[in-house]
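Colleague: Could you walk me through the charged side-chain contacts in this one?
Modeller: Happy to; let's look at it together.

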Amino acid sequence: KPDNMRGIGGMFAKRATALFIGGAALAGGSVAFAEGYKDAHTAAGEWRLPRPHYELLVPKIGNILKNYFFPAVVMLPEWEEDIASRPGLRLQSEVSRLAQSSTDGALLMCMPRIYIPELPYSEEQEEEDKKNNMGYASRDVYCTWHFGKDATGHPDIVHGGALATAIDESCGHAFMALGRGLGFTAYLHVNYKKPTPAGIPLLITVKLKSIEGRKVTLEAVVSDGKQTEFADGSALFVVPRKKE
């Protein structure tokens, strides 16, 4: 009936209005709290202070839209041009969903670029390399990561957790390039040698150290692509047991 419809519509409008006012009050309260906290704790260092949500959200949305409609032209650093031109390497076409969704111009400036050996590493090739004392040099993997301002802990310094994530993913690509099937990180250790600056392209070089049955050990070095090393690490990847 019309009267009932008007009653339902009025109730809905009141609830929507209350929800809007409540949301606005909550947002306003969050901003007021953040500003008050900022005034009271300036001595603690401004970079530590909570920031209003809109200060974080608006630039991030802007970056996402900018990258989507006007993708930046990627200029490879000189050291990466050398890697890209090496025979026997190819650019990996896929990265993790985590890396993809983090490429917003703030966490990651651009998608990581992963250079892996063109061919998988067969058991026959492994045996031949062992016989000829060739080692695993042919299995080196090179990964370029470019962290932005939202990937920092201290100002302008890449967060240690972000760096560990990049090392883990880079080692994962080196493992998958072997062609031994699916594998999982069982162990990851990172040594932080010096603060890693955000805003510059970083090179993560991954070397295969050993293959023992289902276990694959890898080592990684994070550098500026030249002589400065910021961190290194080691990882153990394990192939799951086959189900009987």
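**Salt bridges in the predicted model**

Modeller: In this predicted model, a network of salt bridges links Glu126, Lys130 and Arg180.

Colleague: How many residues apart are Lys130 and Glu126 in helix H5?
Modeller: Lys130 and Glu126 form a salt bridge, with 3.3 Å between the closest N and O atoms. Both sit in helix H5 (residues 123-131), about one helical turn from each other, because their separation there is four residues.

Colleague: Is Glu126 buried or exposed?
Modeller: Buried means under 20% relative accessible area. Glu126 has 6% relative accessibility, so Glu126 counts as buried.

Colleague: How far apart in sequence are the parts that Arg180 and Glu126 tie together?
Modeller: The closest N and O atoms of the Arg180 and Glu126 salt bridge are 3.1 Å apart. Arg180 lies in the loop between helix H6 (160-176) and strand S4 (184-192), while Glu126 belongs to helix H5, so the parts tied together are separated in sequence by 54 residues.

Colleague: Which residue meets Asp232 in a salt bridge?
Modeller: Asp232 lies in strand S7 (residues 229-238), and its partner is in the loop between S4 and strand S5 (201-212), so the pair joins parts 39 residues apart in sequence. The N to O distance is 3.2 Å, and the partner is Lys193.

Colleague: What is the relative accessible area of Lys193?
Modeller: Asp232 is buried, at 17%. Lys193, in contrast, is partly exposed, and its relative accessible area is 44%.

Methods: Residues are numbered from 1 along each chain as its sequence is written. This is a predicted model: local features need pLDDT of at least 70, side-chain atom pairs count only at pLDDT 80 or more; totals for chains, interfaces and linings use all residues. Side-chain values use heavy atoms; hydrogens and water are left out. A salt bridge is a side-chain nitrogen of Lys or Arg within 4 Å of a carboxyl oxygen of Asp or Glu. Helices (H or I, at least four residues) and strands (E, at least two) are DSSP runs, numbered from the N terminus. Buried means under 20% relative accessible area, exposed over 50%, partly exposed in between (1.4 Å probe, protein chains only).
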